[in-house]
Structures are given as C-alpha cells and as structure tokens.
Amino acid sequence: MKPRHKSVETKYLEEREEFFRSLRRLDRRSFIKLSTAALGAVAVQGLVPPNSFQPVTLATGPTTQGAGNAFRIAYISDSHLYEKDVNDRFVRALMRAVDDVNALDPQPDFVFYGGDLAQLGQPKELELGAGILKNLKAPLKIMVGEHDWYFDMGEKWRALFGEPTYSWDHKGIHFVTLLSVVETDFWTARGMTPMERMKTVAGLDNSVQSPFSVGEAQREWLRNDLAKYPDDTPVVVFSHSPLYKLYRPWNFWTDDAEEVQALLKRFQNVVVLHGHTHQMLTNRIGNIHFHGFLATAWPWPYAPQGLPELTIEMARPDPFNPQDGCGDGDALVHPDGLVDKVYNFWNRNPVTVARNYTASWGKEGIPPQPNRPSY
Amino acid sequence: MSTHKPATAFIGVLVLAAVTLRSDGQEASRVPMAEHGAASMDYQLAELEKLLPQVDVTAAPAGLDPVVWEAFIPEGNEMTAERVELGKKLYFDKRLSKDSTVSCATCHDVTRAFTDQRRVSEGIAGQLGRRNAPTTMNVALLQTLFLDGRAPTLDHQARLPIVNPIEMGFPDGRAAVQAIAGDSEYQRLFQAAYGRDVNYDDVGRAIGAFERTLVFLDSPFLRFLSGEADAVSTDAQEGWRLFNEKARCVTCHPMNLSNPLGTDNRFHNIGVSARHQDFEALARAGLKALQEDPSERRLEELALGTDMSELGRFMVTKNRSASGAFRTSLLLNIGITPPYMHDGTLETLWDVMDHYNKGGEPNPFLDGGMEPLALIDEEIDQIVAFLFTLTDDRFSEENQRQMSEQEAKAAKSRPFRDDDLAFRQTIAFEERIKQ
Amino acid sequence: MSSNKRKAVIVLAGAVLVGLVFVTIDRTPAGEVQAVTRQETEKEEGQALADSLMAQWKLKNPDRMDDWVAEEKERHTIQPPADNTDVLKGGQGEGHSYGQYTERDLLLWARETEKLVVEGSRIFHDAAALQGTVGVSCDMCHPHAANTHPETYPKFQVQMGRVALLRDMINWCIEQPVRGERLAPDDSRLRALEAYIYAQRKGTELSYGKH
C-alpha cells in the first residue's frame, strides 16, 4: 500500500513552520536584517504560527453556541450614487455590495440599507439605486440619509420607499428606523434653490447647514412607539446620524441626542446602528451600544476630536484603491439584542466588533489595531 | 532490405529534424536539446559564460543600490565565488530530479529568457503543472518567491521544486542529497563553500547565491532614465508617461533606482483566476471550510481534490483578502518572457493591456484598484512599446523577435479585448446585477 | 478750423470714445458698437450708460456678494494665517527702511494671504473647478483638508512609486480619484490648492518621510 503522499501545500506549510522556528533561533540583528529585507509583513509582525495567518473564523466572529434565536442581518450603506455615465465607480461599488450580500450562505433575515443612496437626491439617482437594490434576494429595509432628502424634501423617496420612520418586530427584537438628519431651515432666508440647498447639505464640511437632529415630532412618535414595550425588550435603532455627539463641524452629530437617549434609557440593551460616518466606529453610552456602517462609495477620515474611547480606528485607506476602506457587512443579532458587528472590508480581512467588546467596556474581544493610523 | 535503407535513413533524418526543430524557429543543428524542451545543460552553460562576465560576486552588481543589495542577502549565505560556483553546478544538474531529466535549468532555461516561454511548465514524466514559470533573472530583490509567495527567500524557494512530485519528484531533501552526495566534486565544493558536508539546506543556499548573480539590468529604458534622451523611441517615452499616469501601472509596478524590478512584492487579485469557471465556487468553498474547520487538513483535502491552486495567496495565508491573489510580476525583460500571468493564459503584451484596460475580470475578490482605463489603441501601443524597452541589451535579438511575433499574433486576434468595459459603457458586475 | 468743423471733430471724437468704451469694457449681447448721436452723449444718457454696464456685470456674476472671501469662509471654516503683531514691537523696527511695519501692513498681508487660501478652498470643494469628470471634489475624502498630511513631504509616495512633494500628490489625486486633468506646475489653481492645504494643517509638526 502506497504511503499517503503529502500534498504540495502541506509540505510548503511545514517548510514555512520550520522556517519560522529557525528564525527565532537567529540573533536579533540577523533577524531584523532578514525580516526587513526578505520576509515582508508577516515575519515583522512577530506573530507566531499558526496564528500568523489569521483564520477566517476569527474574522467572522464567535459561533452562535448557546445563542438561542440569534439571527443574521446584512447591511449596505452610503452609496452616494450619481447616474452611471457621470460616475461609474459608485455604481460598480453598490453592485459589488449587492453581489456580496446575495452570496451570503445562509442568507440573512433581512438586509438594511443605511441611507445616502443618492448623492444629490436626484430622482434618477434614487431610481438607479432602487433598481440595483431590487436584486437583493433577502428582504430590504431602508433608511433616509441627508443626500437622499434635501433636494425635494423626500418627495421621490416616499414614492419609492414609503415613510421614512417606522418600526417592526422580528424574533423578539424591536427594530426602529428614524429619520435623524432633520435640519432647521437655513435655506429659505438665503433664497436658495433646491439644488443649492442639496449641495450645501452634501458638503460634509459646509458650515452653512444646520446640525442634524431627530426633532420633536419624531421624538414624540418614538415615545409612543416604545410605550408598549417592557424594559427588557431588546431594541435596535437604525439611524443615519450617530445619535450621539462626535464632531460638530462634520455633522457627525445629532443635536437632540440626549433627549433621544433619554427615551431609550429604560431598556436593558439598546443597539444603535448608524450610517453617515463611512468608517468603523464603536461607542457605548450607558445601555446603548453604537456601531457605524461602512460606506460603499468612499471612506471618511477620523475626526480630529471627539472620537469615542471604544473606537478602534480602521487602517487609513489607500487612495489608489477607490474601494479601500469601503465595503458592506453584517451583524449577528443575539436574543438579548446585542450584536456581533462584522465590517466586511473590500480587499482587507473582515473585522468583527463582538458583543463582549462593548459589553465589557472594551476589556474583552478587542479588535485588531490599525497599522496605518489617521494623520 | 538494401532498397529500404536510403528511404528509411531519409525519413529518419526528417523525423530527427522535425523532433529537434524548435517551435521558435532556431535551427536544430545550432541548439542541442535536452529533455522537456530545454536546451542541453552544456549548451546553456556555454551561453551563460557569454552572457555574464566574470565579476567579483562579493560586490553589488552594477545598477543595483549596494545598500539594498546587501540587505537582501540572508545571514549565513554571504556571496563568495565558491558558493556561486557550487550553485551554478547544482542549477544545471539533472541528477536533482528523480529520473535525472529535470534540472532548474529545464524550466529556467538560459536560452529561453531563464524561463521556458511555455504556458505552464513540464516536469518529470511529462507532467504539466498549473503555474507559469517566472524568470530567474533579477530575482535578487524579490521579497517572496513563488507566485503565491510561499517561500520567503531564494534559498528557500530553490529547495522546493526538487521535492515537488510533478516537478523534480524527490520524496524529500534527503533523497535529493543522496543522489549527489557520492560525487567527490560536490563534496569538495560544499566544503569550500560552506565548510560542511553535502546537505539539503546548503543546496538551497548555493542555488540562491548563484541566482543572485543573474542580474540583467542593461536595458534601453535604464539608459533613458540615466539621461540618454534618445535611448528609447518617443512612443516608448509616451508609454512610460502613461504607465505613470493614466494607465495606473506604476502603483503595483514601481520602477526606481532603489528597486528597478517593477514589482511592489505584494499580492493582488486582478481577475485572471476568475476566468477559470470554478474559481468563485472554490473561493467560497475555501472560506467556508475555514469557517467550519480551521485545521489544515480540510484545506489539504480540498487542495488534493480540486483546483485550489487558483486561489493563489489564500492557500498560504488563509486571509480572505488574498483570495485569487498572486504576486505582482516583475517587469524587467518582460518582452522576452511570454506567456503572461500566473497561468500563462495571456500570450502577448497586447493581451495583457487589454486585460487591464477593461479593469480585469470582475469577481467578488477583485482588487478594487483595478479600474477600466479607457486607453485608446494608440496609447496601448505606446505602453507596449515602452515595455519592450525593459529588456537587457544582451537579449535584444530575442526581444525583436518577440516583438514581431507578438505583434503578428495581436494583429490577428485580441481575445481579451472588451471596449464596452474599457470605456465604461458597461460596468463590471452589471452582468450579475441588473439596474 | 471753422467752429462747425471743430464741433464736428469733437462730436466725432466723443463718438469714437463712447464706441471705444463699449468695445473695450464689455460687449452687449449683440456685440455691436452703438451709433452715437449728439443727444446720447449728454449727462443723463451717460448715467444710463453706466447703469447698463453695471447690469451687464450683474448678469455675468449673479451670485457674487461684495466679499467672496467672507462668503467662502461662511461655507467652509478656514484656519487664519499666523498672528504677526510681534513685528510691531521691539525698538529696532524704528528707523529700519525695510523693517518698519504698521498695522495696516499686517492687514494687507493677511488679506492677500487669505485670498489665495480661500481661492484654494473654493477649488477644493468644486469638482467642476478641478475639471473632474466623475463629480468628485477633494473635500469628499478630505473634509477641512483632513488627512492631506502636507507635513509628511517629501516622502516615498507608494501610489507613485517614487519620492513626491505635496504638489505631486495633489496632481495625482486630481488625475486618479477625481479623474481630472493634471495641473501644470505653475498653474494658479495648483498654488491655491497647496495654499489651502498648508493653511488647514497649521500647527502640525513637520515630519518628512512619514508614510
């Protein structure tokens, strides 16, 4: 009987293991010389095999052992579409995200779209986005971003997607979608045209616009909506603006955040999933755990002030790859409402911010650090 | 019987001529052949003597930054004349293969641009591999070896084909050493080079040392960069400008005085593997396998039963971001090392440009830096003209021949061309996602 | 010359002058020089001439406020230039031909400096001014010029495969993410963009070579 022949790959892996073992026997000077010259990133990180090569299981988060009715939802956000012949890149990125989500196996319970589907709120842009999102196999829930709204104040949006504020229950979790990009009127006094208004809001660093808010009417709606649920109901809130105050000059901000948080205070676990910031963001305020969505269109840099302590920054993106720092993702929603949030970066390994990270106030489950921090 | 002899002899001569006449048109009588399509080892050695003058191997070769050069030489394998001599002998030694028909020089043939100019390489018993053989010219500054980067140094890489069942076929290093340890010449050379008996680690080191001397940088382009304004045609100069600007080549193929190779030493999925029908299914199967069972056995089972070689770097690092990614090829002497890409499926540099012009092949793991370039025919021709100026002067005849041959092939057909994608009329993924 | 002839010459000269005014300052949409009669050169008609010139300017510049600098600064916060009041102190300033400054000098310098920076801000935020073809402007990835890191140049810019200065990277970004045309090294727009980027990173320590 022929002895089992080792595959080429196994033998190479064994060779490499032996190589790394022999590396550690070198003195420091030789090691540095070798590693900087001949090895590349893996050896320099000083990681020890087999963990040198990050298995995908770590990246996709812990298994659902004992998780009961945990279910998965996917998200796509911030596509900022222009019409195809103006900007093909953004369209291609959204299609790639839809392709990613459709390839998930098993399919998520639903897909959430985090807002800013259009770039300048044009009907054609919204229609383009709606058409692309129709390809999703799983049911779609969608949210308004400021880029969708301020051209026609939501007229096209309502026609395509219905009311921007709504709630529903799913497997014991209460989901709420807010329109949290309400701005006080800055355009009438200036005599702005709809396009001027839209372009003002579209500029992240444009200081003519007002800060985002949820507004009294919606807060009232929210109070009534939550009234029927006992304190131990897990609540997940979808919001475009972060529902806390991060950095005012870029409208990474919700002006009435405290009032909204007060409405949510009595619940045991509340998770806020938000768009707008185009980056990995994590925060916790009391009982509320905040997670940001990745954009498909482009990444934002981190604000110079106001970053929550719990946030581990994503590595600074490479401008050569317009999809670096972008992507889509999913969240494993546990029965207690807390989530394992997966950031599925394009051309990077996925990063999971597990529920025990925010649950432990950042002591456990710490995600990997960036090697290229923001400037 | 006597009447048959002349006829038989005549037929025999014809057959012999046919068998030895190489497809590249070289006259059979000029190039004695070895097995698997390679030129004979002695002939190659003679050619090598002509190509490389005797120099002091302890000094950096002309054209390479001496500080960088030194940093790439592993500790314990500093360059000496004895080590290079030993490495040279080993490189051309067919005894390092199980059936004594294959040496390094079989697939990295001196007379064929130090590669074999075939789509995939042929090993013992005529077995075909899955990967295109990279050239061994100018490999001294590569940070990883093999197209999936699984060998961290040249010394390491040199040992692996010898024990690959479809390449040189020894079951392990010890068997390879046994094949040559009895040779007194080797015993003398190993002692002179490393002060040790014949052993497998030093086989790799010596071959690595020899390969570090294979430096071929004297190209018209280098002369142009050094200030000789008419060293290359205006078309090629325009091609170099496009290379740096509109065509977006330089980011993955940087060429500067510290690193003239034209590779970033990183791994990118540019979509070549996506043209294999089962790539995406394999990629997902691989990811799923890791999700369920991170042990290497599962991956090995998949590797044995399927064509997971197409997953490239992923098989080495198991990083999702490396699915279908292969190391950026170096560009020096690219004109004479067809066919191109990790599987040798692109026959001409025009095919290569067509592939990039349309933004590669869309797949779920495509490097986002691959964009449709909207290059017009004139611009493509200029970039190709530039690429042909990267060949060392010593191979200018071969370079000319390749240029004409590739041009003729490209004139007949451009199978990878897609103007709709290149000029952004249709968008990648549009087939899969309707608007 | 007879008085009639002199009058005719004066009228003719006046007509030529008025015609020149029309031709050189601004053309009416029809682009024709109006024929002038003696009545039209009188004072009331002179006022009408001035009014029509103003109306033409307003047609061409409908949105311009009096101070475009203030308008841009209202839209986009810009770091002010350095405070130079120190040059007003110290006894050696007195009696130094080239070193004697007034507060108004400081104002003029600041105003002029600000204008280049503010012009840069305008271009930075405008895809059309950058001649981009995909509707992307610099501020979309660099709000308030965040992440532009001018303090790290010169450095090996990986995307370019060679060592770069800030203006090389500005041009690279215009060509690649913005998909516009590279600016010539002496282009005023390039200078304005560079000015804006340096201004916004005021106070950052120089650190050349930082990746």
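**Close-up views of a predicted three-chain model**

**Figure 1. Chain C, overall make-up.** Of the 211 residues in chain C, 24% are buried. The model shown here and in the following views is predicted. Chain C contains six helices and two strands. Read from the N terminus, its elements follow the order α-α-α-α-β-β-α-α. When contacts in chain C are taken between residues at least 6 apart in sequence, 58% of them link residues at least 24 apart.

**Figure 2. Helix H6 of chain C and what covers it.** H6(C) spans residues 188–200, 13 residues in all. From first C-alpha to last the helix reaches 18 Å, close to the 18 Å expected at 1.5 Å a residue. Its buried residues are Leu190(C), Ala192(C), Leu193(C), Tyr196(C), Ile197(C), Ala199(C) and Gln200(C). Among the elements covering these buried residues are helix H4 (103–124) and helix H5 (166–175) of chain C.

**Figure 3. The contact between chains B and C.** Chain B contributes six residues to the contact and chain C contributes five residues. On the side of chain B that touches chain C, three residues are nonpolar, two are polar and one is charged.

Figure 4. Thr391(B) sits in the loop between helix H16 (377–388) and helix H17 (396–412) of chain B. Apart from neighbours within four places in sequence, the contacts of Thr391(B) are Ser219(B), Asn333(B), Gly335(B), Ile336(B), Ser396(B) and Asn399(B). Thr234(B) lies 157 residues from Thr391(B) along the chain, and the C-alpha atoms of the two are separated by 17 Å.

**Figure 5. The largest nonpolar core.** This core has 230 residues. The residues with the most contacts inside it are Leu94(A), Val98(A), Val237(A), Ile383(B), Val384(B) and Leu387(B). Helix H5 of chain A (residues 88–102) gives the most to the core, with eight residues. Leu387(B), one of the residues with the most contacts inside the core, is in contact with Leu331(B), Ile334(B), Gly335(B) and Leu349(B), leaving aside neighbours within four places in sequence.

**Figure 6. Helix H10 of chain A.** H10(A) has 12 residues, numbered 216–227. The distance from its first C-alpha to its last is 16 Å, close to the 16 Å expected at 1.5 Å a residue. The number of buried residues among the 12 of H10(A) is one, so the helix lies largely in the open.

Key:
Residues numbered from 1 in each chain as written. Chains lettered and ligands numbered in written order. Predicted model: local features only at pLDDT ≥ 70, side-chain atom pairs only at ≥ 80, totals over all residues. Helix = DSSP H or I, 4+ residues; strand = E, 2+ residues; numbered from the N terminus. Expected span 1.5 Å × (residues − 1). Buried ≥ 20, exposed ≤ 12 C-beta atoms within 10 Å, placed from the backbone. Contact = placed C-beta atoms within 7 Å. Nonpolar A, V, L, I, M, F, W, Y, C, P; charged D, E, K, R; others polar. Core = buried A, V, L, I, M, F, W, Y, C linked by C-beta atoms within 7 Å.
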